[in-house]
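Visitor: I would like to learn how to read strands, sheets and single residues in a model. Please take me through them one at a time.

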Amino acid sequence: MTRRLGYLSFALAVVAGIGAAVVQSAAVDWPSVGAVSAAALAVRLLSAAAVALGAYGLYLIVIGALERHTASKRRLHDLRNVIRLAFGAAALVGVFGALTEQWLGVLFSLGVVGFAVTFALQQPLFSLLGWVYILVKRPYGIGDRVRIEDAKGDVIDVDFLVTTLWEINGDLVTTNQPSGRIVTVPNSVVLSSAVFNYSWEEFPYVWNELAVQVAYETDLEFARAEMVAAADDFLGDEMERNVARYREVLSETAVELEVKDRPAVNVKQEESWVELRLRYLVHPRRGQRVRNELYERILARFNDNPDRVKFPVSRNR
(Lines give C-alpha, C1' and ligand atoms only; values in the text may rest on other atoms or scores of the structure.)
Protein backbone atom coordinates (compact mmCIF):
# COMPACT_ATOMS: atom_id res chain seq x y z
CA MET A 1 0.00 0.00 0.00
CA THR A 2 2.82 2.42 0.87
CA ARG A 3 4.62 1.77 -2.41
CA ARG A 4 1.46 2.16 -4.49
CA LEU A 5 0.63 5.46 -2.83
CA GLY A 6 4.23 6.58 -3.35
CA TYR A 7 4.17 5.75 -7.05
CA LEU A 8 0.78 7.47 -7.44
CA SER A 9 2.06 10.60 -5.72
CA PHE A 10 5.20 10.54 -7.86
CA ALA A 11 3.08 10.17 -11.01
CA LEU A 12 0.94 13.15 -9.98
CA ALA A 13 4.15 15.13 -9.42
CA VAL A 14 5.25 14.35 -12.97
CA VAL A 15 1.83 15.43 -14.28
CA ALA A 16 2.03 18.69 -12.32
CA GLY A 17 5.55 19.31 -13.62
CA ILE A 18 4.46 18.70 -17.21
CA GLY A 19 1.49 21.00 -16.65
CA ALA A 20 3.79 23.75 -15.40
CA ALA A 21 6.03 23.36 -18.46
CA VAL A 22 3.02 23.43 -20.82
CA VAL A 23 1.59 26.57 -19.24
CA GLN A 24 4.95 28.30 -19.31
CA SER A 25 5.55 27.51 -23.00
CA ALA A 26 1.99 28.12 -24.18
CA ALA A 27 1.61 31.18 -26.44
CA VAL A 28 -1.58 32.32 -24.77
CA ASP A 29 -2.41 35.76 -23.49
CA TRP A 30 -3.27 34.96 -19.88
CA PRO A 31 -5.11 37.50 -17.72
CA SER A 32 -3.36 39.01 -14.73
CA VAL A 33 -4.04 38.34 -11.05
CA GLY A 34 -3.01 41.51 -9.34
CA ALA A 35 0.58 42.28 -10.27
CA VAL A 36 1.27 38.69 -11.35
CA SER A 37 0.08 37.13 -14.57
CA ALA A 38 -2.19 34.11 -14.30
CA ALA A 39 0.32 32.06 -16.29
CA ALA A 40 3.17 32.82 -13.88
CA LEU A 41 0.92 32.10 -10.90
CA ALA A 42 -0.21 28.79 -12.42
CA VAL A 43 3.40 27.81 -13.13
CA ARG A 44 4.41 28.55 -9.53
CA LEU A 45 1.48 26.63 -8.05
CA LEU A 46 1.99 23.64 -10.34
CA SER A 47 5.73 23.65 -9.64
CA ALA A 48 5.12 23.77 -5.88
CA ALA A 49 2.62 20.92 -6.18
CA ALA A 50 5.13 18.92 -8.24
CA VAL A 51 7.82 19.42 -5.58
CA ALA A 52 5.49 18.53 -2.68
CA LEU A 53 3.99 15.47 -4.41
CA GLY A 54 7.38 14.31 -5.66
CA ALA A 55 8.97 14.58 -2.22
CA TYR A 56 6.05 12.77 -0.59
CA GLY A 57 6.04 10.04 -3.23
CA LEU A 58 9.78 9.51 -3.01
CA TYR A 59 9.54 9.42 0.79
CA LEU A 60 6.89 6.68 0.64
CA ILE A 61 8.90 4.67 -1.90
CA VAL A 62 12.03 4.85 0.27
CA ILE A 63 10.07 3.90 3.41
CA GLY A 64 8.48 0.99 1.59
CA ALA A 65 11.89 -0.29 0.52
CA LEU A 66 13.20 0.03 4.08
CA GLU A 67 10.22 -1.87 5.48
CA ARG A 68 10.99 -4.77 3.17
CA HIS A 69 14.72 -4.91 3.89
CA THR A 70 14.94 -3.89 7.57
CA ALA A 71 14.12 -6.64 10.04
CA SER A 72 14.63 -4.59 13.21
CA LYS A 73 11.62 -2.52 14.20
CA ARG A 74 13.83 -0.24 16.28
CA ARG A 75 16.13 0.55 13.38
CA LEU A 76 13.19 1.03 11.02
CA HIS A 77 11.58 3.48 13.44
CA ASP A 78 14.78 5.54 13.71
CA LEU A 79 15.37 5.54 9.94
CA ARG A 80 11.77 6.57 9.30
CA ASN A 81 12.10 9.58 11.61
CA VAL A 82 15.40 10.70 10.09
CA ILE A 83 14.14 10.34 6.52
CA ARG A 84 10.88 12.10 7.39
CA LEU A 85 12.82 15.06 8.79
CA ALA A 86 15.15 15.21 5.77
CA PHE A 87 12.37 14.98 3.19
CA GLY A 88 10.19 17.43 5.12
CA ALA A 89 12.94 20.05 5.25
CA ALA A 90 13.81 19.57 1.57
CA ALA A 91 10.14 19.76 0.54
CA LEU A 92 9.62 22.92 2.57
CA VAL A 93 12.54 24.66 0.88
CA GLY A 94 11.45 23.38 -2.52
CA VAL A 95 7.83 24.51 -2.18
CA PHE A 96 8.74 28.02 -1.00
CA GLY A 97 11.42 28.27 -3.68
CA ALA A 98 8.93 27.28 -6.37
CA LEU A 99 6.33 29.75 -5.12
CA THR A 100 8.71 32.70 -4.82
CA GLU A 101 11.30 31.76 -7.46
CA GLN A 102 13.87 33.18 -5.04
CA TRP A 103 15.83 30.13 -3.89
CA LEU A 104 18.63 31.98 -2.14
CA GLY A 105 16.14 34.32 -0.55
CA VAL A 106 14.13 31.40 0.77
CA LEU A 107 17.21 29.79 2.31
CA PHE A 108 18.22 33.07 3.91
CA SER A 109 14.69 33.71 5.20
CA LEU A 110 14.44 30.23 6.66
CA GLY A 111 17.77 30.80 8.39
CA VAL A 112 16.54 34.05 9.92
CA VAL A 113 13.24 32.46 10.96
CA GLY A 114 15.08 29.48 12.43
CA PHE A 115 17.33 31.84 14.42
CA ALA A 116 14.27 33.64 15.81
CA VAL A 117 12.47 30.40 16.57
CA THR A 118 15.52 29.25 18.55
CA PHE A 119 14.81 31.95 21.12
CA ALA A 120 11.02 31.76 20.99
CA LEU A 121 10.71 27.97 21.23
CA GLN A 122 13.60 26.83 23.39
CA GLN A 123 11.82 23.86 24.97
CA PRO A 124 10.81 22.24 21.63
CA LEU A 125 14.35 22.86 20.40
CA PHE A 126 15.78 21.09 23.46
CA SER A 127 13.38 18.22 22.81
CA LEU A 128 14.62 18.02 19.21
CA LEU A 129 18.20 17.92 20.49
CA GLY A 130 17.10 15.24 22.94
CA TRP A 131 15.75 13.20 20.01
CA VAL A 132 19.12 13.48 18.27
CA TYR A 133 20.82 12.36 21.49
CA ILE A 134 18.47 9.36 21.77
CA LEU A 135 19.15 8.50 18.13
CA VAL A 136 22.93 8.66 18.50
CA LYS A 137 23.62 7.43 22.06
CA ARG A 138 20.73 4.94 22.23
CA PRO A 139 19.81 5.24 25.95
CA TYR A 140 16.62 3.42 24.93
CA GLY A 141 14.70 2.35 21.86
CA ILE A 142 11.32 1.09 20.75
CA GLY A 143 10.19 -1.83 22.92
CA ASP A 144 12.52 -1.11 25.86
CA ARG A 145 11.15 -0.96 29.39
CA VAL A 146 12.39 2.27 30.96
CA ARG A 147 11.90 4.71 33.79
CA ILE A 148 12.29 8.40 32.99
CA GLU A 149 11.83 10.61 36.04
CA ASP A 150 8.49 9.46 37.54
CA ALA A 151 7.24 7.72 34.38
CA LYS A 152 7.82 4.00 33.90
CA GLY A 153 6.70 1.87 30.99
CA ASP A 154 7.44 0.29 27.63
CA VAL A 155 8.57 2.62 24.84
CA ILE A 156 6.08 2.53 21.95
CA ASP A 157 7.17 5.63 20.04
CA VAL A 158 10.00 8.16 19.90
CA ASP A 159 9.26 11.13 17.65
CA PHE A 160 11.01 14.48 17.23
CA LEU A 161 9.66 16.02 20.44
CA VAL A 162 8.30 13.36 22.82
CA THR A 163 8.74 9.76 23.88
CA THR A 164 5.54 7.78 24.38
CA LEU A 165 5.37 5.05 27.03
CA TRP A 166 2.82 2.32 27.69
CA GLU A 167 2.65 2.86 31.44
CA ILE A 168 3.34 0.16 34.00
CA ASN A 169 3.26 0.28 37.78
CA GLY A 170 1.39 3.59 37.86
CA ASP A 171 -1.21 4.94 40.29
CA LEU A 172 -3.83 2.42 39.15
CA VAL A 173 -1.90 -0.86 39.44
CA THR A 174 1.22 -2.24 41.11
CA THR A 175 3.69 -5.10 40.67
CA ASN A 176 4.92 -3.82 37.30
CA GLN A 177 1.65 -4.50 35.50
CA PRO A 178 0.35 -2.34 32.60
CA SER A 179 -2.16 0.30 33.65
CA GLY A 180 -3.54 0.88 30.15
CA ARG A 181 -2.51 4.54 30.18
CA ILE A 182 -0.19 6.28 27.74
CA VAL A 183 2.48 8.61 29.11
CA THR A 184 4.33 11.17 26.98
CA VAL A 185 7.69 12.48 28.13
CA PRO A 186 9.52 15.39 26.44
CA ASN A 187 12.75 14.24 24.82
CA SER A 188 14.56 17.12 26.53
CA VAL A 189 14.27 15.21 29.83
CA VAL A 190 16.99 12.75 28.78
CA LEU A 191 19.48 15.64 28.65
CA SER A 192 19.02 16.51 32.32
CA SER A 193 17.59 13.45 34.11
CA ALA A 194 18.57 9.86 34.78
CA VAL A 195 17.14 7.23 32.43
CA PHE A 196 16.76 3.65 33.72
CA ASN A 197 16.62 1.01 30.98
CA TYR A 198 15.47 -2.40 32.19
CA SER A 199 15.64 -4.24 28.86
CA TRP A 200 18.34 -2.61 26.76
CA GLU A 201 19.26 -4.34 23.54
CA GLU A 202 22.64 -5.71 24.63
CA PHE A 203 21.24 -7.44 27.71
CA PRO A 204 17.43 -7.39 28.19
CA TYR A 205 17.39 -9.03 31.66
CA VAL A 206 17.39 -7.83 35.26
CA TRP A 207 18.11 -9.34 38.66
CA ASN A 208 15.03 -9.90 40.82
CA GLU A 209 14.57 -10.93 44.43
CA LEU A 210 11.80 -12.90 46.11
CA ALA A 211 11.68 -12.53 49.89
CA VAL A 212 10.17 -15.18 52.19
CA GLN A 213 10.00 -14.68 55.98
CA VAL A 214 10.55 -17.68 58.26
CA ALA A 215 10.81 -18.07 62.01
CA TYR A 216 14.10 -18.41 63.89
CA GLU A 217 13.26 -22.05 64.60
CA THR A 218 13.54 -22.87 60.91
CA ASP A 219 16.32 -25.11 59.58
CA LEU A 220 17.86 -22.35 57.47
CA GLU A 221 20.14 -24.58 55.42
CA PHE A 222 17.21 -26.79 54.49
CA ALA A 223 14.97 -23.81 53.67
CA ARG A 224 17.65 -22.22 51.52
CA ALA A 225 18.26 -25.48 49.68
CA GLU A 226 14.53 -25.90 49.02
CA MET A 227 14.24 -22.37 47.62
CA VAL A 228 17.24 -22.85 45.37
CA ALA A 229 15.93 -26.23 44.17
CA ALA A 230 12.49 -24.78 43.35
CA ALA A 231 14.01 -21.90 41.41
CA ASP A 232 16.58 -24.07 39.69
CA ASP A 233 13.93 -26.49 38.45
CA PHE A 234 11.88 -23.64 37.04
CA LEU A 235 14.45 -21.35 35.40
CA GLY A 236 17.96 -22.62 36.21
CA ASP A 237 19.00 -23.63 32.67
CA GLU A 238 17.60 -20.45 31.13
CA MET A 239 19.32 -18.35 33.76
CA GLU A 240 22.65 -20.08 33.15
CA ARG A 241 22.50 -19.17 29.45
CA ASN A 242 21.60 -15.57 30.23
CA VAL A 243 24.35 -15.26 32.85
CA ALA A 244 26.86 -16.33 30.21
CA ARG A 245 25.74 -13.37 28.10
CA TYR A 246 25.85 -11.17 31.21
CA ARG A 247 29.49 -12.08 31.73
CA GLU A 248 30.25 -11.19 28.11
CA VAL A 249 28.76 -7.74 28.60
CA LEU A 250 30.68 -7.28 31.86
CA SER A 251 33.94 -8.30 30.18
CA GLU A 252 33.60 -5.30 27.84
CA THR A 253 33.71 -2.93 30.84
CA ALA A 254 36.10 -2.27 33.71
CA VAL A 255 33.61 -3.70 36.24
CA GLU A 256 34.58 -6.95 37.94
CA LEU A 257 31.79 -8.93 39.60
CA GLU A 258 31.33 -12.47 40.81
CA VAL A 259 28.17 -13.75 39.15
CA LYS A 260 26.56 -17.09 40.01
CA ASP A 261 25.19 -19.25 37.21
CA ARG A 262 22.14 -20.47 39.12
CA PRO A 263 19.65 -18.94 41.59
CA ALA A 264 21.00 -18.18 45.06
CA VAL A 265 19.53 -17.29 48.46
CA ASN A 266 20.77 -14.55 50.78
CA VAL A 267 19.83 -14.35 54.46
CA LYS A 268 18.79 -11.16 56.23
CA GLN A 269 18.11 -11.08 59.97
CA GLU A 270 15.07 -9.10 61.06
CA GLU A 271 13.81 -8.31 64.54
CA SER A 272 11.17 -11.06 64.72
CA TRP A 273 11.99 -13.36 61.81
CA VAL A 274 14.63 -14.32 59.27
CA GLU A 275 14.18 -13.17 55.69
CA LEU A 276 15.38 -15.46 52.91
CA ARG A 277 15.90 -13.60 49.64
CA LEU A 278 16.01 -15.64 46.45
CA ARG A 279 18.04 -13.89 43.75
CA TYR A 280 17.56 -14.81 40.08
CA LEU A 281 17.79 -13.41 36.58
CA VAL A 282 14.64 -12.74 34.56
CA HIS A 283 13.27 -10.70 31.67
CA PRO A 284 11.49 -7.63 33.15
CA ARG A 285 8.24 -8.35 31.31
CA ARG A 286 8.11 -11.83 32.87
CA GLY A 287 9.06 -10.63 36.33
CA GLN A 288 5.69 -10.85 38.04
CA ARG A 289 4.67 -14.15 36.41
CA VAL A 290 7.97 -15.74 37.41
CA ARG A 291 7.68 -14.34 40.94
CA ASN A 292 4.18 -15.80 41.35
CA GLU A 293 5.25 -19.22 40.09
CA LEU A 294 8.34 -19.30 42.29
CA TYR A 295 6.39 -18.30 45.38
CA GLU A 296 3.82 -21.06 44.82
CA ARG A 297 6.53 -23.67 44.32
CA ILE A 298 8.52 -22.58 47.36
CA LEU A 299 5.46 -22.38 49.59
CA ALA A 300 4.40 -25.89 48.52
CA ARG A 301 7.85 -27.25 49.44
CA PHE A 302 7.80 -25.50 52.81
CA ASN A 303 4.30 -26.74 53.60
CA ASP A 304 5.44 -30.30 52.88
CA ASN A 305 8.03 -29.98 55.66
CA PRO A 306 6.31 -28.24 58.60
CA ASP A 307 8.76 -29.77 61.07
CA ARG A 308 11.77 -28.09 59.41
CA VAL A 309 10.27 -24.80 58.19
CA LYS A 310 8.48 -22.55 60.66
CA PHE A 311 6.74 -19.29 59.89
CA PRO A 312 6.67 -16.13 62.03
CA VAL A 313 3.97 -15.25 64.54
CA SER A 314 3.79 -18.89 65.68
CA ARG A 315 1.77 -20.01 62.66
CA ASN A 316 1.63 -23.75 62.04
CA ARG A 317 1.96 -24.79 58.41
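Visitor: Which way do strand β8 and β10 run, and how many bridges join them?
Guide: Two strands pair if DSSP finds at least two bridges between them. Here β8 (residues 206-214) and β10 run antiparallel and are joined by nine bridges. Within this pair, Val212 stands opposite Leu276 of β10. Strands themselves are DSSP runs (E, at least two residues), as helices are (H or I, at least four), and both are numbered from the N terminus.

Visitor: What should I keep in mind about the model?
Guide: The model is predicted, so local features need pLDDT of at least 70 and side-chain atom pairs count only at pLDDT 80 or more, while totals for chains, interfaces and linings use all residues. Residues are numbered from 1 along each chain as its sequence is written, and side-chain values use heavy atoms, with hydrogens and water left out.

Visitor: How does β9 pair with β10?
Guide: Strand β9 (residues 264-269) is joined to β10 by six bridges, in the antiparallel sense. Ala264 stands opposite Arg279 in β10. With four residues between them, β9 and β10 form a hairpin.

Visitor: Why is β10 largely enclosed?
Guide: Buried means under 20% relative accessible area, exposed means over 50%, and partly exposed lies in between (1.4 Å probe, protein chains only). In β10 (residues 274-282), seven of the nine residues are buried, so the strand is largely enclosed by the rest of the structure.

Visitor: What is the order of strands in the open sheet of five?
Guide: The order is β6-β5-β4-β3-β7, with antiparallel pairing. β6 (178-186) and β7 (195-197) stand at the edges with a single partner strand each, so one side of each has no neighbour in the sheet. Inside the sheet, β4 (residues 151-158) and β5 (residues 162-168) pair over five bridges. Asp157 has Thr164 in β5 as its bridge partner.

Visitor: Is Ser9 buried or exposed?
Guide: Ser9 has 5% relative accessibility, so it counts as buried. Ser9 is found in helix α1 (residues 2-25). Contact means heavy atoms within 4.5 Å. Leaving aside neighbours within four places in sequence, Ser9 is in contact with Leu53, Tyr56 and Gly57. Its side chain reaches the backbone oxygen of Leu53 at 2.7 Å.

Visitor: What does Glu238 count as?
Guide: Glu238, in helix α6 (residues 220-251), counts as partly exposed at 26% relative accessibility. Glu238 and Arg262 are 24 residues apart along the chain, and their C-alpha atoms are separated by 9.2 Å.

Key
A polar contact is a pair of N or O atoms within 3.5 Å; within protein, one must be able to donate a hydrogen and the other to accept it, and residues adjacent in sequence count only if both atoms are side-chain atoms.
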